[in-house]
Amino acid sequence: MSKSNVSVSLAVDAERLWRRHMDLAKIGATAKGGVNRQALTPEEARARVQLRDWAEARGFSTAIDAIGNLFFRREGTDPDAAPVVTGSHIDSQPTGGKFDGAFGVLAGLEVLEAVEDAGIVTKRPLEFVAWMNEEGGRFQPATMGSAVYAGKADFEEMLDVVDADGVKVRDALPDAIAATPGAAPRELGAPMAAYIEAHIEQGPLLEMAEKTVGVVTGIQGARWFAVEVLGEEAHAGTTPNAARKDALKAALAMINEMQALMEDPTDTLRFTIGRLEVSPGSPNTVPGRVFFTVDFRHPDLAVFTDKGDRISEICRRNAHGLPVTVKETYHVPPITFHEDVVGRVREAVNSLGYAHMDIISGALHDAKYMNDICPSAMIFVPCERGLSHNELENAAKDDLAAGTRVLAEALVALANA
Ligand SMILES: [Zn+2]
């Protein structure tokens, strides 16, 4: 009865996959061709309904967990086996694109449909999931749904998170859950056999290297710091240098030494001062306070730890005797995806013959948290000029289909392993 030797990738339908992207993008569409479908909004709820309609039309079942992660399932032959799962997110940035997140979810739907069309039998169930609030634009932190699922964020604490208008997750979540009435309850943390997430790269490396598929081996780590230097406001015309407590002069010395430390000839390291506030911000007053942020990222744990730890030391050394506080506000170490699952992706891309390369994700994804609970990996496809979190975000129909074929082969292999 098993037709597992039929190649599932032959049943992946590039046109159907593209059409689904265009149809989903109508929900929350913006004038500039992007989408505004932020987490737990009416637009996101409509996208949930659309996914449910597509999935149930093919006989896949729907389940939802307490934080609003939405699962669709095609059964396997072994009723006790944990599912092999794929997915991503359908929430967007306020000025987001048609592909960020949507691709991973719709690729999951396409895989299940292709498996169905090819009549392939798998031992394990196959599922695709739309994680709740991956973007973190409305409610922080990002990747909220997957973090709660994996037990890495506290459920009750997340319910109390408030958006800019004072609306709590707790208040907005019931409407999202009510969008799919009849969905079976899914337990948070329910086991998975493996997880693979497909995503647009959101950077230019694949396009620059003219590769169709990125075999993602890990996600770089990120550390954020908030630095405050306190000086003393004084008259810019009358105060001698020796008497000044210039907070900006000290901050610039700190930033210059950090820039030197973070220079990287391999262009792997990412270092950004994204916010610099000078107070009181008057042309003829010596700055009495400077606040700035540091965003530092690296895929290698040793560099991540060593250079990251030196940031506060550099701030203290360059404070010129002024009080300085350095707060680390975010700390997510780099992760390496599971060899077995990355290996399945590599096998699939080799057998399909697509131009590919290994790549490390510069952005955080839900796969980070899945990697904590089951062997995980990711697949990237190129996006035009590497542009993402932008309404002009674009990807090629053939590249989306290629990534989905790789995903399909890898998932079916895992579901029969
Ligand atoms: Zn995304």
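This is a predicted model: local features need pLDDT of at least 70, side-chain atom pairs count only at pLDDT 80 or more; totals for chains, interfaces and linings use all residues.
The chain holds twelve helices and 17 strands. Its radius of gyration is 24 Å, close to the 22 Å given by the globule rule for 417 residues, so the chain is as compact as a globular protein of that length. Along the principal axes, the C-alpha atoms fill a box of roughly 90 × 45 × 40 Å. Buried residues account for 48% of the 417 residues. Contacts between residues at least 6 apart in sequence were also examined. Of these, 80% join residues at least 24 apart.

The largest nonpolar core has 92 residues. Within this core, Ile-196, Val-345, Ile-379, Leu-407 and Leu-411 touch the most other members. Helix α12, spanning residues 397-415, gives the most to the core, with twelve residues. Ile-196 has contacts beyond its neighbours within four places in sequence. They include Val-341, Val-345, Ile-379, Leu-407 and Leu-411. Thr-86, Ser-376, Ala-377, Met-378 and Ala-410 are also in contact with Ile-196. Another core, of 18 residues, lies apart from the largest one. Among its members are Ala-247, Ile-311, Ile-314 and Val-324.

Helix packing was considered next. Two packed helices are described by the angle between their axes and the distance between the axes. Helix α3 covers residues 102-117 and packs on α12 at an angle of about 60°. The two axes are 9 Å apart. This angle makes α3 oblique to α12. The crossing is right-handed. On the α3 side, the meeting residues are Phe-103, Ala-107, Glu-110, Val-111, Ala-114 and Val-115. Their counterparts in α12 are Leu-400, Gly-403, Thr-404, Leu-407, Ala-408, Leu-411 and Val-412.

Arg-16, Leu-17, Arg-20, His-21 and Leu-24 of α1 make the contact with Ala-102, Leu-106, Leu-109 and Glu-110 of α3.

The axes of α1 and α12 come within 9 Å. They cross at roughly 110°. The two helices are therefore roughly perpendicular to each other. The crossing of α1 and α12 is right-handed. From α1, the contact draws on Ala-14, Leu-17 and Trp-18. From α12, it draws on Lys-397, Asp-398, Leu-400, Ala-401 and Thr-404.

Met-357 is found in strand β16, which runs over residues 356-361. Met-357 has 15 C-beta neighbours inside 10 Å, so it counts as partly exposed. Leaving out residues up to four places away in sequence, Met-357 touches Ala-209, Lys-211 and Gly-214. Glu-197 is 160 residues from Met-357 along the chain. The C-alpha atoms of these two residues are separated by 17 Å.

Note on methods:
Residues are numbered from 1 along each chain as its sequence is written. Helices (H or I, at least four residues) and strands (E, at least two) are DSSP runs, numbered from the N terminus. The radius of gyration is taken over C-alpha atoms; the globule rule is 2.2 Å times the number of residues to the power 0.38. A residue is buried if 20 or more other C-beta atoms lie within 10 Å of its own, exposed if 12 or fewer, and partly exposed in between; C-beta atoms are placed from the backbone. Two residues are in contact if their C-beta atoms, placed from the backbone, lie within 7 Å. A nonpolar core is a set of buried Ala, Val, Leu, Ile, Met, Phe, Trp, Tyr and Cys residues joined through C-beta atoms within 7 Å. Axes are lines fitted to C-alpha atoms, for helices over the stretch in contact, and angles run from 0 to 180 degrees between N-to-C directions. Angles under 35 degrees count as roughly parallel, over 145 as roughly antiparallel, 65 to 115 as roughly perpendicular and the rest as oblique. A crossing is left-handed if the near helix is turned anticlockwise from the far one by less than a right angle, and right-handed if clockwise.
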